[in-house]
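This note is written for a colleague meeting the structure for the first time. Please read the points below alongside the sequence and the model.

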Amino acid sequence: MPDMFPQVQSDHLGPEQLVPRLKSEPDSAQGLPSEYLTELIQRFSQDGLDTIIGPALAYISGEMRSENILSENKKSIHAFSYLCDKKEIASMMTTLPEFNPDHVTAKNIEELSLLGPFFRLTAYPDTAPKVAENYFQNSDNRNNADLMSCKNGLRGSVQQIQRAMFNISNAIIRSNPTARNTLLDYFGHIIKLNTKRAQMQVDMQTVSSDGFMHNIAAVMLQFCDPFMDIRASKIDKIDPDYFRTSKRFDILEDTKINATKEQSDAYYQQIQEKSHNFITESFFTTLAFMHYGPIRGFVNYNEFMREYNETKKQNDKVQQDALNAANTPQSVMANFIATRMKAKYEQMTAFRLAYETMLLDPYFLTEALRFYDLVMAWLVRMVDAKHRHPWEPISLPLPAEEPEVFSMLPEWIIEDIVEIFIFIGKYGFETQVMQQCPHDELVTFVITFLNNTKYVKNPYLKAKLVEILFFFTFPIGRGIPGELEGLLNSHPLALQCLVPSLMNFYVEVEQTGASSQFYDKFNIRYNISNIMKRIWSHPAHRTKLREVSNKDPELFTRFVNMLMSDVTYLLDESLTKLSEIHQIQKDMEDTATWEAQPPQQRQEREGNLPQLERQAQSYIALGNETVHLLKVMSAEVVEPFLAKEIADRLAAMLDYNLVQLVGPKCTELKVKNPEKYHFRPRNLLSEIIDVYLNLNSETFVASVARDGRSYRKEYFSKAASILQKHNLKSADEISALGQFVSRVERAVQNTEEEEEELGEVPDEFLDPIFFTLMDDPVLLPTSGNIVDKSTIRTHLLGDPRDPFNRKPLSIDMVQPGKFEVYNDDDDDDDEWTHILFIRVKKKNR
């Protein structure tokens, strides 16, 4: 009788017996009949469905923990997808203890939670090193098409998994409101466990994997798709108070856009928790997962590439050392080291290609850019006085008082925006995403916050906005402009505000508050100079420059002062480094003398040479751009360069660099392969002469004539000869230069005659800083000293403090200066003083 009813012989009885059938095709011989599953759900949906299907789901999830993207995972994913098509099962799934388990860590939640093992299936090498090694082994000997085919194959597999996980998540969301909140709570739990991922230094063994966070971010981007339309038609549905009215994410300790810790604490303690629509939930959950996932991946990839490039250099050196050591006693050890280093380099190359597979996926980057277009529009809408952007164009400048809700947002929202664009600018050209996506929101966002810099507290965030413009205005190739160049020359906001915004920020970065501010400013200003160069051909931008010089002369004068100071420092450093390189190269050519030096001294100088070369490259590149900007601006607007506080210093700086380039020591600048350092002395000389010609006026002639330290007629003659010889200047320009020098010579003669007539001048009438005759003496109320007004104006352009006691001082605080002059006949003091000042004014005209 028992033989008529055979029993299953298995160690896995009960719900686990369903697993093979659930993983098989429905209605097949091995699978479950769909009608049976429907009846099962109807019978047990209110009583026991979780005890029947739940353990089977947990078992399948457990099996996936040891799987990767290369192994057989389709059946398990298909089983979950098929079951979640049933609303009752999708809802029941969120009630299982495994769905969002307690007492888990950031590292093991991706293994112990029900959906975690599915979300972690990617090509990232941190969790799937075998994927990288299998797909990208021996990559140095393979062509780009082969490697790209492998990348695209992996991307297709990952995208298929992401679509399946979106379908599962979407089924849960749609099953009922309770299940929706439970899924969002699960995502919120993951974020809270992974806040360390945003730190500069983090032990990756204490946080979730890159792939896990990346896949959830990709799924959330799909949830955002319905409201990422180009008009942002549902942008008003996003609640800006979400961080204060929801406990799903904790941002209390995060740095805010423009608020102190005390202000932030007071603001967020006023929590009034409420429910939010799904658009708001999706928007902020996506923000969080992008921040802790792919955006952090971009930063990590940048660090990885530094290490990778260093490893490549070491490998090249070690391989060469092994070749040099062939047939010597050291060959065994050299070959051993070379083999190990080569293996490390090949593994890192495979990992690099795996990272690129994930991070440079064009489809993912396109969706991410669409999302951040929405984020930028949302931020601009928040500060827009009418709160109608992007439905109506924003008007600048913004209100003086920034909205509190904007100031209290975490700074990382803006930081993530700049990180993704800078990452694409550095590494993503081949993805073509910047060429295929619209950028109106990007231009609006960048110009809005550059034009109103006080809205964002962190100066380095504002600097990165400039860096974005730099990357995407830099030419793609010969004759091919950068992706944003055309838009910056046509967008109404750019034509109105870009030039004054860049000028204002050029001045602002003089004081960033950081210990590295002196060097940081040069990199930022280099980017600004390049942007100005790219947009200079458009007449509207040049018109705006003239407008700024008329409407805001104070800003323009400060800008010119900073520009001139930068040229002075950068050219001085550039030419000094070249001189040092020249000397080392010259000494090395004399083999006998070089070998005669002590070994330690030789080694020290050899080791110093690469550093000097790097410094020279940097300083010269920065100097070239700054001189070019000085040239084009002086061609467009002359008057600000002729201000008393500018003209003399500018003339002295130009004269000094002219001496360096054509004077008796110019041969010290001759180095091997000058193009390696971006050093083109004739072009530099040509642009310096252009500045002289642009400012050819009586005022500037007098300023050059007053430069007794560097001005020499013969240097201009030599410069003219060089420029004419190499066809860098036309005959008319050479003639104009000759006439300029003749006028300077006459001014020098007149000055000498006036000084002889003036005679000895009492110290009371000499400026205490420059020891020159004062034309307009003023009293500094903070220290009681009397100086020439032009001197203190020049000083205050770069430092808002009294030069004698460092107390705060502004130009409107100074008072007219009065002198006491003591002669034998006191009755004649006033007349003597009057005559003296007449002569002083005559001299300074």
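1. Basis and confidence. This is a predicted model, in which local features need pLDDT of at least 70 and side-chain atom pairs count only at pLDDT 80 or more, while totals for chains, interfaces and linings use all residues. Residues are numbered from 1 along each chain as its sequence is written, and side-chain values use heavy atoms, with hydrogens and water left out. The average pLDDT (the predictor's confidence in each residue, from 0 to 100) is 87 for the protein, and 93% of the residues score at least 70. Over residues 821–825 the pLDDT falls below 50, and this stretch makes six contacts (heavy atoms within 4.5 Å) beyond near neighbours in sequence.

2. Overall form. The protein has 36 helices and three strands; these are DSSP runs numbered from the N terminus, helices being H or I of at least four residues and strands E of at least two. Along the principal axes, the C-alpha atoms fill a box of roughly 145 × 75 × 45 Å. Of the 845 residues, 51% are buried, where buried means under 20% relative accessible area, exposed over 50% and partly exposed in between (1.4 Å probe, protein chains only). Of the contacts between residues at least 6 apart in sequence, 76% join residues at least 24 apart.

3. The sheet. The three strands form an open sheet in the order E2-E1-E3, with antiparallel pairing; two strands pair if DSSP finds at least two bridges between them. Strand E2 (786–788) and strand E3 (815–816) are at the edges with a single partner strand each, so one side of each has no neighbour in the sheet. Strand E1 (residues 777–779) is joined to E3 by two bridges, and Val 778 stands opposite Pro 816 in E3.

4. Aromatic pairs. There are 47 aromatic pairs in the structure; rings of Phe, Tyr and Trp (its six-membered ring) pair if their centres lie within 6.5 Å, with planes under 30 degrees apart counted as stacked, over 60 as edge-to-face and the rest as tilted. Phe 445 and Phe 449 form an edge-to-face pair, 5.1 Å centre to centre with 65 degrees between the planes. These two residues are four apart in helix H21 (residues 440–451), so about one helical turn separates them. Phe 445 is buried at 0% relative accessibility, and Phe 449 is buried with a relative accessible area of 0%.

5. A link across the chain. Tyr 569 and Tyr 619 also form an edge-to-face pair, at 6.0 Å centre to centre and 80 degrees between the planes. The pair links distant parts of the chain, with Tyr 569 in helix H27 (residues 553–589) and Tyr 619 in helix H29 (residues 599–636), 50 residues apart. Tyr 569 is partly exposed at 21% relative accessibility, whereas Tyr 619 is buried at 11%.

6. Backbone geometry. Which bond joins His 389 and Pro 390? It is a cis peptide bond, with omega about 5 degrees, and Pro 390 lies in the loop between helix H17 (362–383) and helix H18 (404–407). A cis peptide bond also joins Leu 396 and Pro 397, and Pro 397 is in the loop between H17 and H18. Asn 327, not a glycine, has a positive phi of about 65 degrees; Asn 327 is exposed, with a relative accessible area of 82%.
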